[in-house]
Amino acid sequence: MSTTFTVRGGKPLTGEVTVRGAKNLVSKAMVAALLGEEPSELRSVPDIRDVAIVKELLKVHGVGIDWDVEGGVIRMDPSNVERAHVADIDAHAGSSRIPILFCGPLLHRLGEAIIPDLGGCRIGDRPINYHLDVLRQFGAHVDKREHGIYITAPNGLTGTKIRLEYPSVGATEQVLLTAVRAKGLTELENAAVEPEIEDLISVLQKMGAIISLSTDRTIIIEGVERLGGYTHTALADRIEAGSWACAALVTGGDVFVRGAEQKAMSTFLNILRKVGAGMEIKDDGIRFFATDEPLRPVAVETDVHPGFMTDWQQPLVVLLTQAEGISIVHETVYENRLGFTSALNDMGAQIQVYRECLGGSSCRFGQRNFNHSAVVSGPRQLEGRNITVPDLRGGFSYLIAALAADGISNIYGIDLIDRGYESFRDKLTALGADFWEG
Ligand code: EPU
């Protein structure tokens with residue numbers, strides 16, 4: 001049941017939060033367990049809704065699951081993988097985008113896959129054409145029906161040469177999860193190389209896969225006949241870590257984000273340095289704190305790794321409303337990820353969005369009527385308002401705007417944040433935030 005989440009803003013967040021494994025790796029590593037003939041164990045698993053959804057989807061396919069929620073360990077036994085009932089699969093329609101990644105593993109294990117209508121955040125069209133094209137290239141037959149997609153591979157799956165039109169994270173994962181057990185060699189050009197993908201490659205290598213990654217974004221996979229299980233500790237969630245960093249700074253606070261990893265966050269840390277954030281980078285985490293100096297504006301362009309990731313953009317925009325001067329944000333990954341700024345303007349921010357590619361290079365959204373560049377003028381005192389969570393990252397951004405604002409904000413649809421931010425209510429309490437639910 002959705003409640004109203006009420007925040008009294010204006011209190012600096014201070015203290016410590018811990019981030020565990022990355023949502024965008026954990027869910028994929030769980031799917032990878034389906035490929036093995038032995039049990040796998042994943043550690044540092046966060047208690048978030050996306051993990052619960054993948055757990056249920058694995059269960060309906062006969063995977064035995066034992067999840068120690070507090071300890072963050074999930075054990076998966078795929079020795080009895082079986083066809084799932086369509087109704088059981090359909091129960092998960094619209095809840096997440098992860099089901100599309102079940103295709104390769106299910107085709108290898110069962111010769112067919114049924115994928116429900118997908119969900120995920122509405123931050124653009126988010127088509128699945130790359131995924132379906134890739135599966136066809138491996139030899140799968142794709143049949144789109146009213147309530148989902150039926151995929152079969154009567155002749156098995158065979159390695160192939162693929163070039164992605166855009167380095168999509170999901171399509172790269174689709175190739176990896178399919179190619180590892182396809183016959184022969186697969187070469188993937190223009191692959192995404194996000195740290196979560198490298199970590200997925202590590203998981204698959206532990207299972208027995210043979211995968212090499214070159215500096216020119218090409219991945220070569222030699223298919224093997226059999227994969228075993230794995231034991232793996234997920235890399236930390238760099239999106240969650242970046243979100244708490246912005247929350248600390250926008251409220252003028254001081255937060256140690258235990259578990260934040262410098263290497264995977266280096267582009268983010270560079271931008272925060274330019275903004276004038278106080279930072280202390282340690283082996284076991286990163287402290288983010290406000291200094292006596294005013295925050296400075298920046299020009300930022302989101303991009304695939306090693307660029308500034310799109311999922312950091314929304315919390316950063318809230319931070320930039322407090323910088324002295326004009327910042328430019330060019331979103332090049334999703335065509336529609338700046339819609340959340342209108343509620344920030346209602347709160348007193350001054351953000352204008354443009355169709356043009358501002359602040360540097362042209363991207364594939366230029367001249368296509370997508371408002372994908374923003375000019376943020378600051379600093380502006382934010383005022384409490386009634387706001388509705390639009391998507392996961394936009395929702396967290398509204399939360400931190402409310403924490404920085406003067407007065408009371410009522411946030412509706414807060415449950416969406418549970419998809420990707422573990423125990424955020426407990427973490428807010430630990431940091432001294434003033435909020436209540438009813
Ligand atoms: N795209 C296509 N066709 C496809 C697939 C993608 O046109 O078949 C386009 C998308 O519309 C988008 C771009 O390619 O414009 C990049 O999409 P990508 O496939 O890289 O994204 P994804 O795999 O669907 C993952 C994360 C997102 C994150 C992006 C980019 C998961 C579950 N989701 O999405 O995370 O923003 O990569 O890094 O891993 C989030 O965590 O809140 C989130 C949205």
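The second largest pocket is lined by Pro195, Glu198, Asp199, Leu235, Glu261, Lys263, Ala264 and His305. A pocket here is an open set of points on a 1 Å grid over the protein atoms alone, with protein on both sides within 12 Å along at least five of seven lines; lining residues have an atom within 4 Å of a point. The model is predicted: local features need pLDDT of at least 70, side-chain atom pairs count only at pLDDT 80 or more, and totals for chains, interfaces and linings use all residues. Residues are numbered from 1 along each chain as its sequence is written, and side-chain values use heavy atoms, without hydrogens and water.

The second largest pocket holds about 210 Å³ of space. Volume is the space filled by probe spheres set on the grid points, which are joined across faces, edges and corners. Its lining comprises three nonpolar, one polar and four charged residues. Ala, Val, Leu, Ile, Met, Phe, Trp, Tyr, Cys and Pro count as nonpolar, Asp, Glu, Lys and Arg as charged, and the others, Gly among them, as polar. Domain 1 (5–19 + 236–437) and domain 2 (23–233) both contribute to this lining, so the second largest pocket lies between them. Domain bounds come from an automatic or database domain assignment.

The largest pocket contains about 1,100 Å³ of space. Its lining has 44 residues, and Arg97, Arg126, Ser168, Val169 and Tyr334 are the closest to its centre. By class, 18 are nonpolar, eight polar and 18 charged. Helix H6 (169–179) is among the helices that each supply at least two lining residues. H6 gives the largest share, four residues. Both domains line the largest pocket, so it too lies between them. Helices are DSSP runs (H or I, at least four residues), numbered from the N terminus.

Definitions and conventions:
1 Å grid on protein atoms, 1.4 Å probe; cavity = no way out; pocket = protein on both sides within 12 Å on 5 of 7 lines; lining within 4 Å.
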